[in-house]
Structure formats: structure tokens, C-alpha cells
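This report considers charged side chains and their surroundings. Please view the sequence and the structure below before reading on.

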Amino acid sequence: MIILRLEYLSYRILFGVLLALPIVLSGQEKKLYEGPSQIGTYKGEASYHYVIANNDTLLNGSFLLKSSNLEALLKKGDISFSIKGNFKDNTPSGFWKFQFNEFKTDKASTVEDNQYLVNVSGTQQIASGTFQNGRPDGQWVYVVQQIKNSQVDKFTFKSVVDFNNGVPQLSFTIEDEKEELVGMFLRNGIAHDKWTLYSDENIDEIESWNFNEGILESVEIRSGNGRIEKIKIFDNVPKANTKTITLDKKYLDVLKIKLQKKDSKKLVDGGIMRLLSQNDRYYKNIDSILSKKTSFTFLSKFNVKIPYFPLETIEKVRLDSISKNYESSRGISNSLLSNTQLTILRLSDENVRSLEESLEVISKKILDPLEELVSFYKEEKISFVSRKELLSKIWPDGVPDVHKIEKGVNGNSLISVKNLSHKTLYRLDSIQQILAKKITKQEREQEAIALEKKMIAQRNYLDQLSDSLRADTIPPVFFNTLQNIKKDTEDKLSKYSSINDVKAKLDYARELVQCFEKLDKVGETISKLPAQQYDIRSKYQDAVWNPFTATIMNETIKKRLIMAYEDVLIPYYLKRIEDGLPCEETEQWINLVEATYDRMLELRDEDTRKLERKLRKEDDPLVILERLSINSQIEKN
């Protein structure tokens, strides 16, 4: 049962009127902040202590960031969280608790002690433990549990790891609803001895990983008939040729390369790899929060040792070349295979169909394997497997030739792969040139048709503007200016229709589409000018007492400003249209018109007596713009 109090430990939320004002309370040294805050994607209300030292803000004291939304909970469900702990000199210290909830409610409520209570159900994640000097220390527990009617219904995941100064120690357990993994570490955090997986459905162990001071020597998996199958991993590896790394996705990917396909599937489908991967994801979620506030990391740091094959300089050069050739080749292949015109052309053109089929084979048999090699290199996994072993896994029959793809004709070496990547790029480039000639003419024709439709639609839009602003509803000068823009577009269309060269005509069409879009915006700006002019006239009215009629009358104020705007600036703007406004100057023209309107509204409430004296008998629009500071205003924007 939830008390609507927005607290997490009891799953209760207070339903009432809470006054929460963000404040900063200053002491002599330590300060308290209370208000909105955000860490990564977690945004909520914060309360934390801090100090200012050498102009740096250092977290020092209790820390709390939480978020919940009662309205969302009652409507469709709420995703809430709470992060609570302590900092010492900007370093996580003491006990911390992280809680993440995804709750829904059946909306049924009761009242107890003047409080509304509702039940919630959903998923809850809780991570808790202690930090010392910014590193996990002591026992850390990560629990994922199902909540039903505000009570814990069942655990779906639980991880218990003991740390000493950030290094995992002794034994650990990771379990879900059906299976439990138990493992051990040496004092330096290195995996050791047997890591065993137990199942609720089986008395005996169902899987085990056998480590020897960090080296995974073998894996044992119990099959459905009860038989134990032993798979050798890193057998008889000299410890001098190993490197210590974290047991994470990189390590697990290397294991997959080491194994035969059937053994790799067994390992991937097995419970140990699944539980380790799941635990790693949960720990990385906590790390994504803490690493935003501090320089420390929060990772499980299950360390293992793995054979190490450092890259030589010449190998890096070859791999860089392979990566560059692959990326260029993949770009060409994807572009051609996704081209809808080629898809249609292959139905009637035998040559196109043959080239497209070659592309598909090259993509599958050469580019996909190259992608695996490049991925291993870029993700820094290639140093943990011998190049010969890796290439044999990628191309079991040997590195192929781009002209004899189905058969490996070269040895498994980086030199062979580099040559393959180079020949593949050359072959794809030649295919692209052939197919480009096939589609260029058709593409140009189709693009020209699309552009012409666009130009006509843009020209018709000006007609619509003119129809909506008939000459009898707005001053003729504005209507005539719109007609000038229409004539300009028609002249340009006439020039377009007279061009015979296909390429020149297509280039001009592209230019006109952009130009007409700008002219449409100019037309919209002109259509707004009468309303803006009326608005300014209305703003520059003051109520005055007329003693002769004994009535209050409206009188225009700051007349010199109004005259400068209506008699000089507006005609100046419209004349620029009449003289033929180049398309590249349309944006500046629109900004000038809009800035003038905004400036006139501002001047209504300013002291303009000195400005009005300067505007007396002034009829040069450029001087008036300078007097009104409009050009400088545009530069600021």
C-alpha cells in the first residue's frame, strides 16, 4: 500500500499541498543547495551540501536527487528514482543507495490518518553499499524485484559482491529467478578457481568456468541427458604472455572467437555469460551517474587474464588501410543496393541484374567478414587473439579473391586481407561507374520533374497570397508589390523553359527552387505589413482632453517617428522589391523589415525627443535606419 508521500523506502507518496521552494542557504563555508538538478538523463529535485574552493564547486556532505510524478502514476504509470549518499571533498563516501522504479497503479485508494493511499505494482531496482575514498568498499548488493500491490512479490535478479578499495574480494553471487552463479577472487581481484552455476531445477551444477589465477582454462556444461561436456579455452598459456583485463563484453567477444561455432553457442546460451553480462549492465548504469559528478568509476571490475598479442607497427598500418578501404567499399555497396532505380532497372536490364547480384555476393562474402575484422580492431579486441586464429575464424577456407569469392585462394594473413580490401574497393568503384551511367539520365529526368512541380507550387503560393489580399482590402502599393514578385517568378520560369542543355537546365531548376522559397517568404512578409502598420498607428495613440468638444479624443504622438516609418522606410522597402530584389538578399530584407517593426514598438515607450529632432526633414532611409539603431540591432541578432 502506498502513502502518497513521494518517499521510496515505504513506497509511499503524500497526496497534499507541498511547498518546495528552491533555495541556496549559505553558511560561512559549507552551503546547501535545494532545487532542480540533473545528472545525465536523471532529472529531478536535489538537496546537497557543497563548498567553494579555488573557484571550484566541491560536493561535501549529504547528497540526494530524486524524482517522481504522481499525476503520471495515476494516468499511465511513473518512472521514478532516488539517488542518496554522501560526498567528501567531491568524492563518494559512506553509504549510498540507488533506487529506480517503474510503477503503475490500479487507482483504487483508501484514506488513513487524513492521507490518501494507493497500491502500486511494477519493477524496482535497488543498489546499495559503501564507498571509501571514491571506491566501492565492503558489500554491494544490486537487486531487481517485482512489486505487487506495494509489496515485494519476487526477486528477478540479485548480485552480491564484496569489495576492498574497489577490488572485488573473496566470493560473490549473482542470481535470477531460476539460476545462481557462485565464484571466487584472489585478493588482487583476479578470477580464480571454479565459478559454478546452479539451477533450481537440478541438484547438480549445470555449468562451471575453471580459472587458474585469472586464466579461463576450460568450461564445463551439463547437457540435457546429464552428460558433462568439457570445452578447453586457454589451455597451457604461459602467464608471461597474458594481460589483465576486466571481464566485460570485450572479453566475452574474444571467447566467442576462440570457440567452435557449436561451443560458442553453448557458452552464449549458458547462464554464466548471461548473468555476468546482466550484472555488468547494471553496474554501468550506476557508473553513468557517478562518473558525471566525479572522476571515479563504478564498475564490477571482475578481472581476468587473457593471452596478449600486441600489435606491431606494420600491423597497425595494414589494419588502418583495411579499415579505410572497407568503409569506402561499404558506402558504395550500400548506396547501390539501396537505389530504388537500380532495383527497377534490374527487372529489364540483364547487365544491371548481373552487377547487382555481384554486389550482393561481395557484400555478404567479403564486406561482412571485413566488418568483423575492422570491428575487432577498432574496439581494441584484436590484441587478445592471434591474427592467424582470428582470420581463420573469419575465413575458414582462406582469404578469397574478389573475382573468385566462393573459394579461398590466399593465406590467412593481414597482407592478403589488405590486398583483398584494395581489390574489392577497385571492383566496386568500377561497378559504380557502370551503374551510374545507367541511372544518371533517368535520375535527372525524375529530378527535373520533381523540381518543376515544386517551382509551380511555389509560384501558385504567391497567387494564393494575392487572392487573400485583394487590392480593395489593402493599400494598392502592397498589392502591387506582390504582383511584382509574381512577375519576377514568371520571368525566371520563362528563362528556365528556354534552356536546352539538360545539365544546365537541371542546375538552374535547383537554383530556382531555393530562390522561389525565399521569394515566398518575402511575399508573406509583405502580406503582414498592412497589419503591422495599423498596429503601430494604434500604439502611437494617446487619449487627450478636447476642451472645445468636452470629450476625450485619441491623438497621434511622436509623429516624426510615424512619418519616418510610413513615408520613408516602408516605401524604401517596397521599392527594393520593385527594382528587383536578388534572391541572395531576401533574408537580409526580411530581417530589416521585421527589425523595423520591433524597433518601432520599442520606441513607443522610450524618450525619443532627441531622436525626433534628428529626424526632422530627414528623408534618407539609410540615415533613418542608422538613427533608429536598426542595422546594429540586426547585427546583434
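Lys-614 lies in helix 14; helices (H or I, at least four residues) and strands (E, at least two) are DSSP runs, numbered from the N terminus. The model is predicted, so local features need pLDDT of at least 70 and side-chain atom pairs count only at pLDDT 80 or more, while totals for chains, interfaces and linings use all residues. Residues are numbered from 1 along each chain as its sequence is written, and side-chain values use heavy atoms, with hydrogens and water left out.

Lys-614 is partly exposed, at 44% relative accessibility (buried means under 20% relative accessible area, exposed over 50%, partly exposed in between; 1.4 Å probe, protein chains only).

The model contains 32 salt bridges, each a side-chain nitrogen of Lys or Arg within 4 Å of a carboxyl oxygen of Asp or Glu. Three of them are listed here.

| Salt bridge | Closest N to O |
|---|---|
| Arg-459 and Asp-463 | 2.2 Å |
| Arg-599 and Glu-606 | 3.2 Å |

Glu-205 in strand 14 (residues 202-212) and Lys-194 in strand 13 (residues 191-199) are 11 residues apart. Glu-205 is partly exposed at 21%, and Lys-194 is partly exposed at 33%.

Arg-459 and Asp-463 are both buried. They are four residues apart in helix 9 (residues 414-468), so about one helical turn separates them.

Arg-599 is buried at 14% relative accessibility, whereas Glu-606 is partly exposed at 33%.

A network of salt bridges links Lys-249, Asp-253, Lys-256, Glu-379 and Lys-381.
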